[in-house]
Amino acid sequence: MLDDALADTVRRTGASAGGIYLLDESAQVLRLVVLCGVPVEMAWPWRRVPLGVPVPVCDAVREDRLVWVGSQDDMARAYPRAAAGLPYRFAFAATPLQGRGRCRGALMLLWPASHPADATARERGNIASEGRRIGGLLDEVSEPLTAPEHPRLIPADAVARPHGDPSPGAAMDYIERLPGRALSLDLQGRITFLTSATESLLGVEAGRLLGTRPWQSLPWLDRTHVEDHYRTAVISRDPVTFTALRPPDTWLEFQLYPGADGISVRITPAAAPEADLPAPAPTSPSQAGRLYQLVHLAAALTETVGVRDVVELIADQVLPAFGADGLVLSANDAGRLKITGHHGYGQKAIDGLDGLRLDTDLTPAGRVLADGTPAFFADPREMARRHPRAPQISGKQAWAFLPLIVSGRPVGCCILSYDRPHDFGADERAVLTSLAGLIAQALDRARLYDATRDLAHGLQQALLPRSLPSLPGLECAARYLPASRGMDIGGDFYDVIRIDATTAAAVIGDVQGHNVAAAALMGQVRTAIHAAAGAPPDQVLARTNRVLADLETDLLASCLYVHIDLARQEAVLASAGHPPPLLHQPDLPPAVMDVEPGPLLGIDPDLAYPLTFQSLSPGTTLALYTDGLTEVPGTDAEQTANRLAGHLAHHRGHALGRIIDALLDHARPTAHYTDDIAMLLLRSGPAPG
């Protein structure tokens, strides 16, 4: 069903290639299930994409919108990681597969470089409509959908536009009569046809060439740039020309003309290049592919943040790229190798490897770290000759031990293992050695990040209130959620301060930044507010503002301070550039309060803050929040706040904790937050006697 749907979509939109991803909601991963128009090898790094990765298909699903990238320049600016792995000219679109009430995945489409950089409104509408159509088809499937291990490739003839079907014999006669030599490649780069004159020119019988890739079957075409020219033709659909030397001294020009179902190649004699340059060194058949894998993985590693991100990326992308089955990533910690992540190993094996000394002889890890040289073992016998006990630890059959060294300093060790014996070719060893340097830098950076994050997170948690005070006539509940990506800490804060038996203050605020400085400044702001609590709200903010000015910090803070008089059933509010609260009063429609905002804290020490008065009849609910709740990419914050006010009324009478859960589920159904969120709910009861 998906094969037919993709083929129809590619035909209807005029695209040259496309693919369908299914969303694994439990793992928050997009899995490529069907592909057409490009070789599977080129899509391999993108077959499984975590939803948080900054690439077009993930943005389309996360933000529920069509993503259009009209050129390679646009791709490099908006998605540098994707551009590094696909350095070709093409136009690209991704749109969510919206089913009934939920997103089922994403549709991606590619167009040749000749496509205009800007898509028309009608074209964008058609692409989005195709996404909804496929989403609707997925809704009709009753059994659970599971993504295959490898994406299916739709044959080119299933997508090709209808055209005349001339007699094969007449077409062959026509081609044989033309001057020059010709052959045809399918979209996978395999030779599907060549003329008899081409056999003579290449010096190889047709039977040995058909079904092979030229750079694999002709040693003199075994050059990285030859496969790269083919890739350029397939992706950009631009004609490509290059020359190659057929030994001993015959130069040939190859002209590639790509189409929807393959590439026509014209071969003609060419003059020798003017400069007497040596021919490029030959590469192994897989080196060009390895090169692109290395570029892609290098770009991906630059985007990892914490140690967990590094481990997940190696498990998700490095292991499949090299056919490995297991991973152990260890970090140098006080002279021991502490395992920071693993994949494909049982807990017993991990327990036996965790905490080994750097000079251990149980495994090669200590030796490779000492001399900085990787070690490769093709089978257990080879391993047992140097480390007799190592093969028994995990039952693996082949290993690559890669030292992780940064500026001469051992950072750790990365072990890739295989369930079957594995011969490591020279090119594979070279790529893995290069990759080890990239992993080392990423791991070192990630460990520093984790240490900084843990420090800041501990500081922030120490500064937030452990519990809220209990006051007769006032219910309180609060929640803090860190951003799902980034430092995981920030300057959001909240508090409820008991002033006397019938008076309290509620405060919520947001300091710029997601680092230790933001968390520390948040603590200073909270302390300043505590010191001034009990004064009128405008004076509390004015005094806090002067404290920030005295600190001479570059950070600003928003804040909403609410003075609650339970005896008079009245609230007085003052805002320093903070989002207004949501309000629901019994028998009245819900609303976003009209609070006149003052300037942010830290701008000018002499500014004033207006006051807003609000009655608090029994059952009145106020929802205070930071902007992470309402500022969702692709939506209007004011509209989001109005919708949340309606949900606040819909859940009236429920426990405040359940109301917070409902508001968060409505505002952020995917649980992916680009910013911290703090919420504080207040509900008034009868006036205390």
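Visitor: Leaving aside its neighbours within four places in sequence, which residues is Tyr21 in contact with?
Guide: This is a predicted model, where local features need pLDDT of at least 70, side-chain atom pairs count only at pLDDT 80 or more, and totals for chains, interfaces and linings use all residues. Residues are numbered from 1 along each chain as its sequence is written, and side-chain values use heavy atoms, leaving out hydrogens and water. Contact means heavy atoms within 4.5 Å. With neighbours within four places in sequence set aside, Tyr21 is in contact with Leu30, Arg31, Leu32, Trp46, Arg47, Val49, Val57, Leu97, Arg104, Gly105, Ala106 and Met108.

Visitor: How many residues are in the largest nonpolar core?
Guide: Such a core is a set of buried Ala, Val, Leu, Ile, Met, Phe, Trp, Tyr and Cys residues joined through side-chain atoms within 4.5 Å. Buried means under 20% relative accessible area, exposed over 50%, and partly exposed in between (1.4 Å probe, protein chains only). Tyr21, Val57, Phe92 and Phe254 touch the most other members, and the residues in this core number 60.

Visitor: Which helix gives the most to this core?
Guide: Helices (H or I, at least four residues) and strands (E, at least two) are DSSP runs, numbered from the N terminus. With five residues, the top contributor is helix α11.

Visitor: How many residues does the second, separate core have?
Guide: Val540, Ala574, Val595 and Tyr609 are among its members. The count for this core is 47 residues.

Visitor: At what angle do helix α21 and helix α22 pack?
Guide: Arg643, Leu644, His647 and Leu648 in α21 meet Ile659, Leu663, His666 and Ala667 in α22. Axes are lines fitted to C-alpha atoms, for helices over the stretch in contact, and angles run from 0 to 180 degrees between N-to-C directions. The two axes lie 10 Å apart, at an angle of about 145°.

Visitor: How many disulfides are there?
Guide: Good one to check: a disulfide is a pair of cysteine sulfur atoms within 2.5 Å. By this rule the count is zero.

Visitor: What is the omega of the peptide bond from Pro247 to Pro248?
Guide: Pro248 sits in the loop between β10 (240-246) and β11 (250-258). Most peptide bonds are trans. The bond from Pro247 to Pro248 is cis, with omega near 5°.

Visitor: Is Ser407 buried or exposed?
Guide: Ser407 is in the loop between β17 (398-406) and β18 (409-418), and has a positive phi of about 50° although it is not a glycine. Because its relative accessible area is 79%, Ser407 counts as exposed.
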